[in-house]
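Hi,

Here is the two-chain model you were after. Have a look at it first, and my notes on what turned up follow below.

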Amino acid sequence: MVIREALEPAIFAIMFPRTAIDIYIETVQADGGTRCASITAASLALADAGVPLKDLVAGCAAGKVDGTLVLDLNDTEDKYGDADLPLAFIPRTKEVTLLQMDGSFSPEEFNDALNLAITGCEKIYEIQRETLKKKYAEISDKVNSETTTSKEGDLNG
Amino acid sequence: MVKAEKILSEIEQNYIEKLVNKGTRIDERSLDSVREITIKTNFIEKANGSADLTLGNTRVIVGVKLELGTPFPDMPDEGVVTVNAELAPIASPFFESGPPTEVGIELARVVDRGLRQSKAVDTKKLCILEGEKVWITFIDIYALDHDGNLIDASALAAIAALLTAKMPKVKVTKDKEIQLLEETTPLPVVDRPIAVTLAKMNGAIIVDPCLKEEFAMRGRITFTFTEKGNLCALQKGGIGTFKPSELLNAFETARNLASQLRQFLP
């Protein structure tokens with residue numbers, strides 16, 4: 001439910017009346033941050049499927065372990081740490097689409113953790129973009145090489 | 001069967017949004033004011049604890065029940081606290097009987113997270129025989145009338161019921177038999193967490209949304225604060241989004257409101 005609500009604001013659902021988009025997420029190995037990783041991956045899969053999006057959605061958590069602010073908690077840090085704040089973010093419009101928290105934060109810590117998680121999301125966003133670009137660069141390379149071959153074929157024929 | 005739809009007419013949606021942009025609400029409240037609250041505790045004699053809370057027209061009752069059980073293996077010296085929410089059809093035409101819906105599950109989880117993360121109940125004091133017998137605290141939330149903001153109402157009712165709950169004294173015999181005594185002690189409640197929900201519509205943030213405002217809103221966010229004013233739980237809901245600056249403002253509003261709401265507790 002929270003994942004749906006994290007992704008939906010980015011989707012131009014108005015372009016798909018009377019349509020449902022099913023997203024299936026399978027956690028293969030859980031070591032903390034599954035929710036955020038799911039959102040990051042699902043938004044990429046939506047983009048890969050050609051669903052019109054405002055922007056990709058990136059997810060990342062910030063937290064507190066032994067009184068220190070940390071980014072992207074693993075399972076142990078999540079279970080035995082002091083706080084965990086998963087966040088999903090639309091970088092282009094600077095909107096937070098998912099925000100949860102458990103543990104204990106003073107107002108200053110909340111402020112810092114929020115900013116830290118957003119910085120994390122922005123880093124992940126760059127990787128998401130690179131991944132998409134790389135895929136299309138590969139496709140365009142392939143198409144280019146294929147057209148060259150067929151041209152050669154034409155000449156020979 | 002005709003099912004009531006959770007859709008506002010366009011005219012109503014626009015009306016609610018326009019009012020909010022003017023700084024007022026359909027029930028003439030200001031954007032940052034909460035509806036009238038009444039709390040009656042211990043109104044069910046047979047329960048260990050109970051609370052009947054009204055928040056405007058929203059009404060919830062909470063029951064606290066203690067049962068002897070075995071602790072979790074990873075926490076052998078701690079009792080257990082569990083929260084369950086029931087959204088019965090009598091509360092609203094939008095609720096139906098049957099297995100819990102997403103709304104009900106989220107409600108129970110948000111209330112549970114607030115109580116758990118603030119460590120409101122001193123679970124170590126619920127231990128009777130380490131690794132063998134502990135008190136299990138069941139917190140049952142029943143919505144009786146749904147006019148919006150069930151989360152804040154339920155969270156407040158839950159902590160009110162816990163604060164007035166009584167735990168039977170026990171005597172452990174030599175051969176580890178447990179006898180329940182007539183005498184009771186208060187349940188060991190050491191913090192009083194308060195949940196505050198804010199809704200966002202048309203760029204404005206309002207507190208304590210009523211049902212129509214809940215239909216009109218795009219997103220909501222629930223902050224739970226401990227007595228010391230630290231944030232202990234957070235949950236965003238709905239498909240609306242929040243800007244980081246809005247979140248920080250909402251945080252302050254919620255923090256101030258939490259200490260005001262705490263005064264309603266017994």
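Between chain A and chain B there are eleven residue pairs in polar contact, both residues at pLDDT 80 or more. (A polar contact is a pair of N or O atoms within 3.5 Å; within protein, one must be able to donate a hydrogen and the other to accept it, and residues adjacent in sequence count only if both atoms are side-chain atoms.) On the chain A side, helix H1 (2–7), strand E3 (83–90), strand E4 (95–105) and helix H4 (107–156) each bring at least two residues to the side that touches chain B. E4(A) gives the largest share of that side, with eleven residues. By type, the touching residues of chain A split into 14 nonpolar, seven polar and six charged. Here Ala, Val, Leu, Ile, Met, Phe, Trp, Tyr, Cys and Pro are nonpolar, Asp, Glu, Lys and Arg are charged, and the others, Gly among them, are polar.

Before you go further: this is a predicted model, where local features need pLDDT of at least 70, side-chain atom pairs count only at pLDDT 80 or more, and totals for chains, interfaces and linings use all residues. Residues are numbered from 1 along each chain as its sequence is written, chains are lettered from A and ligands numbered from 1 in the order in which they are written, and side-chain values use heavy atoms, with hydrogens and water left out.

Back to the interface. Counting contacts (heavy atoms within 4.5 Å), 27 residues of chain A meet 26 residues of chain B. About 2,200 Å² is buried between the two chains, with 59% of that from carbon and sulfur atoms; buried area is the accessible area (1.4 Å probe) that two parts lose on being put together, summed over both.

There is one salt bridge between the chains, from Arg4(A) to Glu102(B) at 3.6 Å, N to O. (The cut-off is a side-chain nitrogen of Lys or Arg within 4 Å of a carboxyl oxygen of Asp or Glu.)

Helices (H or I, at least four residues) and strands (E, at least two) are DSSP runs, numbered from the N terminus.

As for the chains themselves, chain A has four helices and four strands, while chain B has five helices and twelve strands.

Cheers
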